[in-house]
Amino acid sequence: MSFLVRSAIVILYPRTPELPGAEDCDLDAFLAQYRRETTTLIWTGVVLGALVFHLTPILTVKIPWPAFGLSPKRADEHAHKIASTDLYLVRQLIFLVKLVAGLAWGQHPEVRRRMALPPLPADPGTWKTS
């Protein structure tokens, strides 16, 4: 299931000439840590959101192919359309994926450097799930 989440995040946060993409931000390590530290319910929502993201290009760009198989241009078009759909439940599921993507992307030192923000301090490791 991590493949689905990872590939959805990479499409939602692509690299640009100005900023690194999610795939440049140690995404695999972040997702492994996030999966360990989050609740089963939240992780299920993220996976469901990624699944919906990958199965809906037929509705957004009229191509019966999973999002991870689309060209970069079509994938970007799909990402924009599905994230702004009028179907509230779908939009919220995509938001869950984008939330996790934003956490991974926004904490990365290179992204912070390019936005003139100081690096975040090291995780003190004091928060644990019970």
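# Questions on a predicted model

Q: Where does L19 lie in this predicted model?
A: L19 lies in the loop between α1 (2-12) and α2 (27-37). The model is a predicted one.

Q: Why is L19 called partly exposed?
A: The relative accessible area of L19 is 21%. Buried means under 20% and exposed means over 50%, with partly exposed in between. The value of 21% falls in between, so L19 is partly exposed.

Q: What is L19 in contact with, leaving aside its neighbours within four places in sequence?
A: L19 is in contact with W105, R114 and M115. The cut-off for a contact is heavy atoms within 4.5 Å. As for G125, which is 106 residues apart from L19 along the chain, the two C-alpha atoms are separated by 28 Å.

Q: Why is T56 counted as buried?
A: T56 has a relative accessibility of 9%. The place of T56 is in the loop between α3 (40-55) and α4 (57-60).

Q: Which residues of the largest nonpolar core touch the most other members?
A: The core has 31 residues, of which V5, I9, L27, L31, F53 and V100 touch the most other members. Helices α1, α2, α3, α5 (72-83) and α6 (88-106) each supply at least two residues of this core. Not counting residues up to four places away in sequence, F53 touches A8, I11, L12, A67, H78, A79, I82 and I94.

Q: Why is α1 described as largely enclosed by the rest of the structure?
A: Of the 11 residues of α1, 8 are buried, so this helix is largely enclosed. The buried residues are L4, V5, S7, A8, I9, V10, I11 and L12. They pack against α2, α3, α5 and α6.

Q: Why is L93 called buried?
A: L93 has a relative accessible area of 13%. That is under 20%, so L93 is buried. L93 is found in helix α6. Leaving aside neighbours within four places in sequence, L93 is in contact with G45, L48, G49 and V52. The C-alpha atoms of L93 and L51, 42 residues apart along the chain, are separated by 9.4 Å.

Q: Why does S84 count as partly exposed?
A: S84 is at 43% relative accessibility. This lies between the cut-offs of 20% and 50%, so S84 counts as partly exposed. S84 is found in the loop between α5 and α6.

Q: What makes the phi of K62 worth noting, and is K62 buried or exposed?
A: Phi of K62 is near 60°, a positive value in a residue other than glycine. Most residues other than glycine have a negative phi. K62 has a relative accessible area of 61%, which is over 50%, so K62 is exposed. The place of K62 is in the loop between α4 and α5.

Q: Why is A116 counted as exposed?
A: A116 is at 71% relative accessibility. Exposed means over 50%, so A116 counts as exposed. The place of A116 is in the segment after α7 (109-114), and phi of A116 is near 60°, a positive value.

Q: Which helix gives the most to the lining of the largest pocket?
A: Helix α2 gives the most, with 5 residues. The pocket is lined by 16 residues, of which F30, Q33, L103, Q107 and D123 lie nearest its centre. By class, the lining has 10 nonpolar, 3 polar and 3 charged residues. The volume of this pocket is about 470 Å³.

Technical notes
Residues numbered from 1 in each chain as written. Predicted model: local features only at pLDDT ≥ 70, side-chain atom pairs only at ≥ 80, totals over all residues. Heavy atoms only, no water. Helix = DSSP H or I, 4+ residues; strand = E, 2+ residues; numbered from the N terminus. Buried < 20%, exposed > 50% of the residue type's maximum accessible area, 1.4 Å probe, protein only. 1 Å grid on protein atoms, 1.4 Å probe; cavity = no way out; pocket = protein on both sides within 12 Å on 5 of 7 lines; lining within 4 Å. Points joined across faces, edges and corners; volume = space filled by probe spheres on them. Nonpolar A, V, L, I, M, F, W, Y, C, P; charged D, E, K, R; others polar. Core = buried A, V, L, I, M, F, W, Y, C linked by side-chain atoms within 4.5 Å.
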